[in-house]
Amino acid sequence: MAIRVDLSETRCMPGTHAVPKFTDQEKTTLATDRETGQPLYTVTLFLMEEDRAEAVKVTVPKNGLPNGLNVGVFVRPVDLVANPWARIFNGQLQQGIAYRAAALELLAPAAPVADEPGDLAA
């Protein structure tokens, strides 16, 4: 079950560069989107609200990674969903949430604000 996630009031910034996602521990087989065949990448995003930040790993297909995506550049995840998961491994229950976005959209930097009229004149 996929749960849509609304981050419209949250500032998001990559904390890492996009890294390829693999299907095996030996990192020999790239993970791909089941519908499009696009290679999948993982980006750690810092979600910032008020006085706190949280790191979340988000999977994005290669064609959803924009040119100019760098650490510290603000982005907006497009069609972000959360997929709860659980499994039994070595007799222990493991569970978590996997996040997936169709794309990351670069946000334009805010224009500088002048303290006094004419401060920005060159």
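This report describes the nonpolar core, strand pairing, salt bridges and selected loop residues of a predicted model.

## Basis of the description

Because the model is predicted, local features are given only where pLDDT is at least 70 and side-chain atom pairs count only at pLDDT 80 or more, whereas totals for chains, interfaces and linings use all residues. Residues are numbered from 1 along each chain as its sequence is written, and side-chain values rest on heavy atoms, with hydrogens and water left out.

## The largest nonpolar core

The largest nonpolar core holds 15 residues, of which Leu45, Leu47, Val58, Val60, Leu65, Val75 and Leu104 touch the most other members. A nonpolar core is here a set of buried Ala, Val, Leu, Ile, Met, Phe, Trp, Tyr and Cys residues joined through side-chain atoms within 4.5 Å, where buried means under 20% relative accessible area, exposed means over 50%, and partly exposed lies in between (1.4 Å probe, protein chains only). Strand S4 (40-49) and strand S5 (52-61) each supply at least two residues of this core, and S4 gives the most, with four residues. Strands are DSSP runs of E with at least two residues, numbered from the N terminus.

Leu47 illustrates the surroundings of one such member: when residues up to four places away in sequence are not counted, Leu47 touches Leu7, Thr10, Arg11, Cys12, Arg52, Ala53, Glu54 and Val56, a contact being defined as heavy atoms within 4.5 Å.

## Strand pairing around S8

Strand S8 (residues 92-100) takes part in pairings of both senses, two strands being called paired if DSSP finds at least two bridges between them. With S5, strand S8 pairs in the parallel sense over two bridges, and in this part of the structure Val58 stands opposite Tyr99 in S8. With strand S7 (residues 81-89), the pairing is antiparallel and runs over nine bridges, with Ala86 standing opposite Gln95 in S8.

The hairpin of S7 and S8 has two residues between the strands, and in this hairpin Asn90 takes a positive phi near 55 degrees.

Thr59 is found in strand S5 and is buried, with a relative accessible area of 8%. Leaving out residues up to four places away in sequence, Thr59 touches Lys21, Leu40, Tyr41, Thr42, Tyr99, Arg100 and Ala101.

## Salt bridges

The structure holds four salt bridges, each defined as a side-chain nitrogen of Lys or Arg within 4 Å of a carboxyl oxygen of Asp or Glu. Side chains of opposite charge can pair when their charged atoms come close. One of the bridges joins the side chains of Arg100 and Asp33, with an N to O distance of 2.3 Å. Arg100 lies in strand S8 and Asp33 in the loop between strand S3 (19-20) and S4, so this pair ties together parts that are 67 residues apart in sequence. Arg100 counts as partly exposed at 26% relative accessibility, whereas Asp33, at 14%, counts as buried.

A further salt bridge links Arg76 and Glu105, whose closest N and O atoms are 2.9 Å apart. Since Arg76 lies in strand S6 (residues 75-78) and Glu105 in strand S9 (residues 103-106), the pair ties together parts that are 29 residues apart in sequence. Arg76 is partly exposed, with a relative accessible area of 37%, and Glu105 likewise counts as partly exposed, at 35%. Glu49 forms a salt bridge with Arg52, the closest N and O atoms lying 3.4 Å apart, and Glu49, Arg52 and Glu54 are linked in a network of salt bridges. Glu49 is partly exposed, with a relative accessible area of 31%.

## Loop residues and positive phi

Most residues other than glycine have a negative phi, and most peptide bonds are trans. Lys27, although not a glycine, has a positive phi of about 55 degrees; Lys27 is placed in the loop between S3 and S4 and counts as exposed at 57% relative accessibility. Asp79, which is not a glycine either, also has a positive phi of about 55 degrees, and its place is in the loop between S6 and S7.

Thr23 is found in the loop between S3 and S4 and is exposed, with a relative accessible area of 56%. Leaving aside neighbours within four places in sequence, Thr23 is in contact with Thr29, Leu30 and Ala31.
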